[in-house]
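Dear colleague,

Here is the structure for you to look over. My notes on it follow below.

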Amino acid sequence: METPFPPFEPNGPNDSARGPRLREIPLRLVVPNLITILAICAGLTGIRLAFEGRYELAVMMVLLAAFLDGIDGRIARLMKATSKFGAQMDSLADIVNFGVAPALVVYVFALDSARSIGWIAALIYAIAAGLRLARFNVMAERESRAPWQSEYFVGVPAPAGAMLVLLPVYLGFLGLTEDRTFAYISSAYTVLIAFLLISRLPVWSGKSEGSRLRRDLVLPLMLGVVLYVALLMSFTWEVMVFTVIVYLLSLPFGARKWRLKYGTLTIEEPGDGDDDIGRHI
């Protein structure tokens, strides 16, 4: 039963004791977080589908999760809806969609025949993806950013790692025999991708402000993108294998460009304190 009169407060109303007041939140702040939640749902659904043996749908869901996870931050910036809550949600989605989901899908499909070795390889990849994302978050929070950070990634980025580590699954869809030898080779490949994630290899990002495209190449590039998407829709797994091979072959060229510009094979930063773990590992 409600009291007819408010409680007596001798020192006046105490708003802090009543807890936070509810306030309306603009819809534009909610949209990016909804996309992040959908990405997490897609990644977890991909894991379920893999355990049910529906591998093609599982890979599709993992790739969809990676796509949604890649656009939520850009949408948040376009809508001016960035927030600390959204950043924490995005980090959670990253470890699920780029680390756990691809590792479990490739394990169920290809690494299971290698028994413990296959499981260890999947664990190594998932942990490496987590370390890669932690290093990225720490570097992104630095007040002063090095000029090269707009042009190069330190190691293979986690979204690309998720695409690369699924190569054994793509090959399996194309009819490659899934025996124990294939499982061992896939395990070694998974560990290799994990190493590329946590390495200090300079990987060209293509986001530098100085990147320019000649005017006469704009239309051919657009047509090339349309052709790529059309081929991807018609020959999905062949195109994914081709994409992975081209990406891996491009890594030495990015490292060579870095070496010509900075004189080293890997990205090294001068240590200026021990507050971060090994200067971001």
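**What I found**

Of the chain's 281 residues, 39% count as buried. Buried means under 20% relative accessible area, exposed means over 50%, and partly exposed lies in between (1.4 Å probe, protein chains only). The model is predicted, so local features need pLDDT of at least 70 and side-chain atom pairs count only at pLDDT 80 or more, while totals for chains, interfaces and linings use all residues. Residues are numbered from 1 along each chain as its sequence is written, and side-chain values use heavy atoms, with hydrogens and water left out.

**Layout**

The chain has nine helices and two strands. Along the sequence they follow the pattern α-α-α-α-β-α-α-α-β-α-α. Helices (H or I, at least four residues) and strands (E, at least two) are DSSP runs, numbered from the N terminus.

**Helix packing**

Look at H2 (residues 55-78) and H9 (residues 236-262). These two helices pack at an angle of about 50 degrees. Their axes are 13 Å apart. Axes here are lines fitted to C-alpha atoms, for helices over the stretch in contact, and angles run from 0 to 180 degrees between N-to-C directions. H2 and H9 are therefore oblique to each other. The classes are as follows: under 35 degrees is roughly parallel, over 145 roughly antiparallel, 65 to 115 roughly perpendicular, and the rest oblique. The crossing of H2 and H9 is left-handed. That term applies if the near helix is turned anticlockwise from the far one by less than a right angle; clockwise is right-handed.

**Pro202 and Leu251**

Pro202 sits in strand E2 (residues 202-204). At 0% relative accessibility, Pro202 is buried. Pro202 and Leu251 are 49 residues apart in sequence. In space, their C-alpha atoms are 8.1 Å apart.

**Salt bridges**

How many salt bridges are there? The count comes to two. The rule asks for a side-chain nitrogen of Lys or Arg within 4 Å of a carboxyl oxygen of Asp or Glu. Arg48 pairs with Glu52, with the closest N and O atoms 2.8 Å apart. Arg48 is exposed, at 54% relative accessibility. Glu52 also forms a salt bridge with Arg54, and there the closest N and O atoms are 2.5 Å apart. Glu52 is partly exposed, with a relative accessible area of 39%. Arg54 counts as partly exposed at 40%. Through shared partners, Arg48, Glu52 and Arg54 join into one network.

**Nonpolar patch**

Ile127, Leu131, Leu192, Phe195 and Ile198 make a nonpolar surface patch of about 490 Å². Patches take residues with over 30% relative accessible area and no salt bridge; like charges are joined within 9 Å, and nonpolar side chains (Val, Leu, Ile, Met, Phe, Trp, Tyr) within 5 Å. Areas come from the Shrake-Rupley method with a 1.4 Å probe; for residues, only the protein chains shown count as cover. Helices H4 (116-140) and H7 (180-198) each supply at least two of the patch residues. H7 gives the largest share, three residues. Ile198 belongs to H7. Ile198 is partly exposed, at 35% relative accessible area.

**Backbone**

Arg115 has a positive phi of about 55 degrees, although it is not a glycine. Most residues other than glycine have a negative phi. Arg115 lies in the loop between helix H3 (84-111) and H4. Arg115 is exposed, at 55% relative accessibility.

Best regards
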